[in-house]
Amino acid sequence: MMERNFHHSAFTDVGRLADLKTAPISVCIPTLDEEATIGGIVSTIRRELMEAVPLVDELLVIDSGSTDRTREMATDAGATVLPSADIAPEHGSHRGKGENLWKALLAAKGELICYVDGDISNFGTRFVTGLLGPLLTDPEIHYVKAHYERPLANGGDFHRTGGGRVSEILVRPLLSLFYPELTSIFQPLSGEYAARRPLLEELPFPTGYGVEIAHLIDLSGMGKMETISQVDLDQRIHRNRGDGELGRMSFSILRTILHRLERDGKLTLHQALEELHRSWTHDSGEAVGLDTRIAEPERPPIISL
């Protein structure tokens, strides 16, 4: 079990954290149609961590092409909003969460990068201070991963636990089989983490949902497990996804893991992995096939550009 585990309450003194800062800090939020939550997230960071206390130096929202009011609300709340496709256009553009995170690293000026998802409905400053705290207080920590209780909303019912289904049903069994050293990571797919820029620039970024698990597998392969810490952020409430969306997410994550298993010599693939995710739904009593192409190439480490 990893030794560097913290609770966010150890880092509530924002003034002290600001005093410990020796380099700029950027908070980067990837978005796609998050108008219900993005304004509150941005305004909280702007008010509490930039204006009240100068902890965060830069607040970026990297958008994948939202069709709702996400970009307008983020701008009005005080973020710098950048369409992902407009960042470093010479490198082309893909659509996906990992693409947004990679492009954020190209655009951000900070030496400490804090990634926060844009769909958190119970957002508080702990999502930033809890992640930055270990980096600011311990120079041997280079990558900080969040974990939390994840409630599950089902219609009008609200269950205290039950979120994180892809982690428990797909990812944790695979880690137990092939990467047991990563089973000490409480929530390997959590979208909230912070890291030092030089480490992030060494990592490839899958352009889709495989980015978080890819980081952990690659950090382990680089011998960096001792530089990772985890922080308990208590609870994260967000928009729960349906089975169809979770299936497509799982397909993307599984492809990422299988590619790394082959790269790491843990299994052999005798043919190229399919890019077509096939599923079914019912429409007016009829079974209807749903085919979704999920290719999601990987972005190379920024130091290789």
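Helices (H or I, at least four residues) and strands (E, at least two) are taken as DSSP runs and numbered from the N terminus. The structure is a predicted model, in which local features need pLDDT of at least 70 and side-chain atom pairs count only at pLDDT 80 or more, while totals for chains, interfaces and linings use all residues. Residues are numbered from 1 along each chain as its sequence is written, and side-chain values use heavy atoms, with hydrogens and water left out.

The protein chain contains 9 helices and 14 strands. Its radius of gyration (taken over C-alpha atoms) is 19 Å, close to the 19 Å given for 305 residues by the globule rule, so the chain is as compact as a globular protein of that length. The globule rule is 2.2 Å times the number of residues to the power 0.38. Along the principal axes, the C-alpha atoms fill a box of roughly 60 × 45 × 45 Å. Of the 305 residues, 52% are buried, where buried means under 20% relative accessible area, exposed over 50%, and partly exposed in between (1.4 Å probe, protein chains only). The accessible surface of the chain is about 13,600 Å², and carbon and sulfur atoms hold 50% of this area. Accessible areas come from the Shrake-Rupley method with a 1.4 Å probe; for residues, only the protein chains shown count as cover.

Contact is defined as heavy atoms within 4.5 Å. Among contacts in the protein chain with a separation of 6 or more, 73% join residues 24 or more positions apart. The mean positions of the 31 positive and 45 negative charges are 1 Å apart. Lys and Arg count as positive and Asp and Glu as negative, whereas His and the chain ends are not counted; the place of a charge is NZ of Lys, CZ of Arg, CG of Asp or CD of Glu.

A nonpolar core is a set of buried Ala, Val, Leu, Ile, Met, Phe, Trp, Tyr and Cys residues joined through side-chain atoms within 4.5 Å. The largest such core has 42 residues, of which Tyr-115, Tyr-143, Leu-200, Phe-205 and Ile-253 touch the most other members. At least two residues of this core are supplied by each of β3 (58–63), α4 (97–107), β5 (112–115), α6 (165–178), β9 (193–196), α7 (197–200), α8 (211–221) and α9 (243–263). The most is given by α9, with 6 residues. Beyond its neighbours within four places in sequence, Leu-200 is in contact with Leu-105, Ile-113, Tyr-115, Tyr-143, Ala-195, Phe-205 and His-215. Another core, of 38 residues, lies apart from the largest one and includes Ile-25, Ile-120, Leu-131 and Tyr-148.

Tyr-148 is located in strand β6 (residues 143–149) and counts as buried, at 7% relative accessibility. With residues up to four places away in sequence not counted, Tyr-148 touches Phe-127, Gln-187, Ser-190, Gly-191, Glu-192, Asp-232, Leu-233, Asp-234, Gln-235 and Arg-236. The C-alpha atoms of Tyr-148 and Arg-278, 130 residues apart along the chain, are separated by 32 Å.

Helix α4 is mostly covered, with 9 of its 11 residues buried. These are Lys-97, Gly-98, Glu-99, Asn-100, Leu-101, Trp-102, Lys-103, Ala-104 and Leu-105. Leu-101, in helix α4, has a relative accessibility of 2% and counts as buried. Not counting residues up to four places away in sequence, Leu-101 touches Pro-30, Tyr-115, Tyr-193, Phe-205, Val-211 and Glu-212.

Several loop residues were also examined. Val-53, in the loop between α2 (38–51) and β3, touches Val-14, Gly-15, Ala-18 and Glu-48, residues up to four places away in sequence not being counted. Met-222 is in the loop between α8 and β11 (228–235) and is partly exposed at 30% relative accessibility. With the sequence neighbours up to four places away left out, Met-222 touches Leu-199, Glu-202 and Leu-203.

Most residues other than glycine have a negative phi. Asp-33, in the loop between β2 (25–31) and α2, has a positive phi near 55° and is partly exposed, with a relative accessible area of 31%. Ser-284, in the loop between β12 (276–283) and β13 (286–293), also has a positive phi, near 55°, and counts as exposed at 74% relative accessibility.
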